[in-house]
Amino acid sequence: MSAKDVFRTRFDAASIVLIPACIGINYIGKLFASVLKLPLWLDSIGTCIGACLGGPVIGGICGAANNLIYGLTTGDSITLVYALTSLFIGFFVGIMARTGFMKSFPRALVTACVAGAVAIVISTPLNIIFWAGTTGNVWGDAAFAATQAMGMPLVLSSLVDEIIVDIPDKIITLIIVFVILKALPEKLTALYDASDKVERL
Amino acid sequence: MKSISLYSDNGTWLCRVHPFTKVMYAVAAISVPLILGSLWAFAAAIIADLALLASGKVLRRARALIVFSFTIIATIFIVRSLFGQEGSEIMFSIGPVNVYREGFMIALRTGLNILSMLLAFAVLVLTTNPQDLSTEMERHGFSPRFSYVISSVFNIIPQMMGTMSTISDAQRSRGMETEGSLITRMKAFIPLITPVVTSSLITTRERAMALDARGFGAKIKRTYPETREKHRGDTAATVILALIVVLSILIKAALWLS
């Protein structure tokens, strides 16, 4: 697939309809995670599905729109700050998916690590600017407190805090995305196939 | 069906104010203290937010919104002020616990910032119909696709919640355990979420076809069935708020240069 194909995006009805569906999936993922009391967020399943189906641009839009809509309508302005993180997760997962890194299970794990790394790189500065370095996750913040007490610099502690939370979260998210994508019927995935060509008579 | 939006029309003046004015207010109330950086500016913004919420009769509902942030603020206070770096000044001690001044001030600032953000958004969120906001944005030049995404989210989520409870019941009646150890709960996640997600993705195909059949991709100018009645002073308020933001930038720049 050429570089042009990787970023090719169609703004037809199918792609636009995908965005709210993915935002809904993010919400459901987060809700199930809290109902089952899992110590993970699992709120980017939809963004990753959108990225895998629609490509990097749709993925990025799904991610940013997700946080902006929740932030602006449910008053949860904490998610608003992380719109940037979601945007880049969607974008990079989209690139990975278009270059064939969602085709098999081991490759999906590579995508998960990329998504986790992106989340860490973007979120850590945001955590430091807005929440004085904490993430709001119990396990991560315990590590933050411990490393701070050991005398580690703020940036490093905040990084450890993020790594503990984000890497497991993204690995589980991408495993779920992989399972779901395999279960989708072809008549749906064919709508979003980037390499198809329209042939004219 | 339960809506995820927190808006309800209680007939006060704040609900009739144009959505853009409230967006501008939220922008100003959040950015001015951040630009000026003084604790007094945060306090002033929080007092302004509270006054608006009170006059819009939504203070009680705003309380529910900010309560959850107290755990986050408390975490920040504990983590930052009790686990200070070596050599930082001790402000006071409670028994064996030392409270560090530098960390405490950072935590105070962050806490006030969180509160000011939440309250400013509460003013917007509790009194603005999201449908109203997206229609107005569309009318002022935003893409109709964009406002479709917003209004569609509000329809899709209650629908998915319905599917979710149906599937939870179905899986539970087959004997799936949703409570117990972490492993049990982890294992329950996939059979719960996969059917909800797959079914909602499959319906997108039909929705796309239905939209296409109704001219969703049409490129002509659209018309709108209802018109908003103008609220007095919307333009004036927006201009004043914008001026306050500009003024605070100027003050900060003047302080920085001197």
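Two residues are in contact if their C-beta atoms, placed from the backbone, lie within 7 Å. A residue is buried if 20 or more other C-beta atoms lie within 10 Å of its own, exposed if 12 or fewer, and partly exposed in between.

The structure above is a predicted model, in which local features need pLDDT of at least 70, side-chain atom pairs count only at pLDDT 80 or more, and totals for chains, interfaces and linings use all residues. Residues are numbered from 1 along each chain as its sequence is written, while chains are lettered from A and ligands numbered from 1 in the order in which they are written.

Chain A has ten helices and zero strands (DSSP runs numbered from the N terminus: H or I of at least four residues for helices, E of at least two for strands). The radius of gyration of chain A, taken over C-alpha atoms, is 17 Å, close to the 17 Å that the globule rule (2.2 Å times the number of residues to the power 0.38) gives for 201 residues, so chain A is as compact as a globular protein of that length. Its C-alpha trace spans about 70 × 35 × 30 Å along the principal axes.

Of the 201 residues in chain A, 55% count as buried. Among contacts between residues at least 6 apart in sequence, 66% join residues at least 24 apart.

Helix α3(A), residues 45–54, is mostly covered, with ten of its ten residues buried. Among them are Ile45(A), Cys48(A) and Leu53(A). The cover over these buried residues includes α2 (13–35), α4 (56–73), α6 (83–98), α9 (154–183) and α10 (186–189) of chain A. After α3(A) comes Gly55(A), with a positive phi near 95 degrees.
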